[in-house]
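Here is a short briefing to read beside the model on your screen. Take a look at the structure, then work through the topics one by one.

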Amino acid sequence: AFEMMIEPGEHFSEIEAPAIGIWHFEVAKRPIVGPGADGGRFNFREMLPWLDHHLKGTSPKPATGVSLYVMGDGEWQQRDQWPDTARYHTYFLSDLEAANTCNGGSLAPQPMRGELDFVYDPDNPVPTQGGAGLWAHIIPGFEGAAPSNVSQDGLCERDDVLTFQTKPLENRLLISGRIEVSLDVASTAPDTAFTAKLIEVFPDGSAYNIRDSITSLAYRNGGDEPLDYTPGERVSIAFDIWPVVWHTQVGSKLRLDVSSSDFPKFHAHTNRAGPWAEQTGADLATQTVFGGRINIPVE
């Protein structure tokens, strides 16, 4: 999956230009990544000047903008700054009563009232199928969850995964920036987790992950201190999702999967409040989704 080696920011403004590329991962299993990706897990052309500056004290090179690798086009682009868009396509979770099937609920331009429950069992978590930030695969002999953009086959068939899809896209959509997902939820647990994963479903029916994230109810606002939660209370949660540049295909659908686990990428939440180091065992939790929205940054 697409990875930021150096995230744009003021503290990098005087050194080598940031590069947004596909390092740390194996190549995707469909033509999302082209032959010009250049670097595989590492791109030393971008790394070494930054390391020389911070570790050897060499003079920094003037910033020259941002280099972006566009997933779906298989090419690099140079930008003066990034992200540079304030335009979003907003979709609302709709037809919730159908969301526990692979045909799914809808990602629609207007919100619709509804709610749907699913049971989250920490002893039977949703398996990780692709994604960013996965490192264990570089260990020799590793046979665990594959990183990057991989097929999402089998996930929508689970009872603990809710699926929402757009209609087929009439034009290609260039997703560029930080995707925003927010949900209105409740749980029977005093603390639990929710996950969100954006997927492209190609015209041939194959589905590959774009971006994903997780949050707990205790840290639902991204703070450093846990928040109280009363079981059954309806709250709004938001997800911190890494930026991406991804060009969809004509006829594809965008799909949002909502669940409560993505293991082993993320530890399976025990559905208990408090530090995990002090807990033994785990509980079942009934999760309720009342609705939500996804803002997709586009160019």
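What follows covers pockets, a cavity, a disulfide and some backbone details.

This is a predicted model, in which local features need pLDDT of at least 70, side-chain atom pairs count only at pLDDT 80 or more, and totals for chains, interfaces and linings use all residues. Residues are numbered from 1 along each chain as its sequence is written, and side-chain values use heavy atoms, with hydrogens and water left out.

**Pockets**

- Rolling a probe the size of a water molecule over the atoms shows where empty space is left.
- On a 1 Å grid over the protein atoms alone, a pocket is an open set of points with protein on both sides within 12 Å along at least five of seven lines, a cavity is a set of points where a 1.4 Å probe fits but cannot get out, and lining residues have an atom within 4 Å of a point.
- A volume is the space filled by probe spheres set on the points, and grid points are joined across faces, edges and corners.
- The largest pocket holds about 400 Å³ of space.
- Its lining has 20 residues, and those nearest the centre are Asp191, Ser216, Ala218, Tyr219 and His269.
- Strand S12 (residues 207–216) gives the most to this lining, with three residues; strands (E, at least two residues) are DSSP runs, numbered from the N terminus.
- By class, the lining of the largest pocket has 13 nonpolar, five polar and two charged residues, where Ala, Val, Leu, Ile, Met, Phe, Trp, Tyr, Cys and Pro count as nonpolar, Asp, Glu, Lys and Arg as charged, and the others, Gly among them, as polar.
- The second largest pocket holds about 250 Å³, and of the 14 residues that line it, Leu107, Gln165, Thr166, Lys167 and Pro168 are the closest to its centre.
- Strand S6 (residues 105–108) supplies the largest share of the second largest pocket's lining, four residues.

**Cavities**

- The structure has two cavities of 30 Å³ or more.

**The disulfide**

- With a disulfide taken as a pair of cysteine sulfur atoms within 2.5 Å, the count comes to one.
- The bond joins cysteine 102 to cysteine 156, with an S to S distance of 2.1 Å.
- The torsion about this S-S bond is about 90°, so the disulfide is right-handed.
- Cysteine 102 sits in the loop between strand S5 (88–94) and S6, and cysteine 156 in the loop between strand S7 (116–120) and strand S8 (162–165), so the pair ties together parts that are 54 residues apart in sequence.
- Cysteine 102 is partly exposed at 31% relative accessibility, whereas cysteine 156 is buried at 10% (buried means under 20% relative accessible area, exposed over 50%, partly exposed in between, with a 1.4 Å probe and protein chains only).

**Backbone details**

- The peptide bond from tryptophan 82 to proline 83 is cis, with omega near -5°.
- Another cis peptide bond runs from phenylalanine 263 to proline 264, with omega near 15°.
- Aspartate 95, in the loop between S5 and S6, has a positive phi near 55° and is partly exposed at 26%.
- Asparagine 271, in the loop between S15 and S16, has a positive phi near 65° and is buried at 1% relative accessibility.
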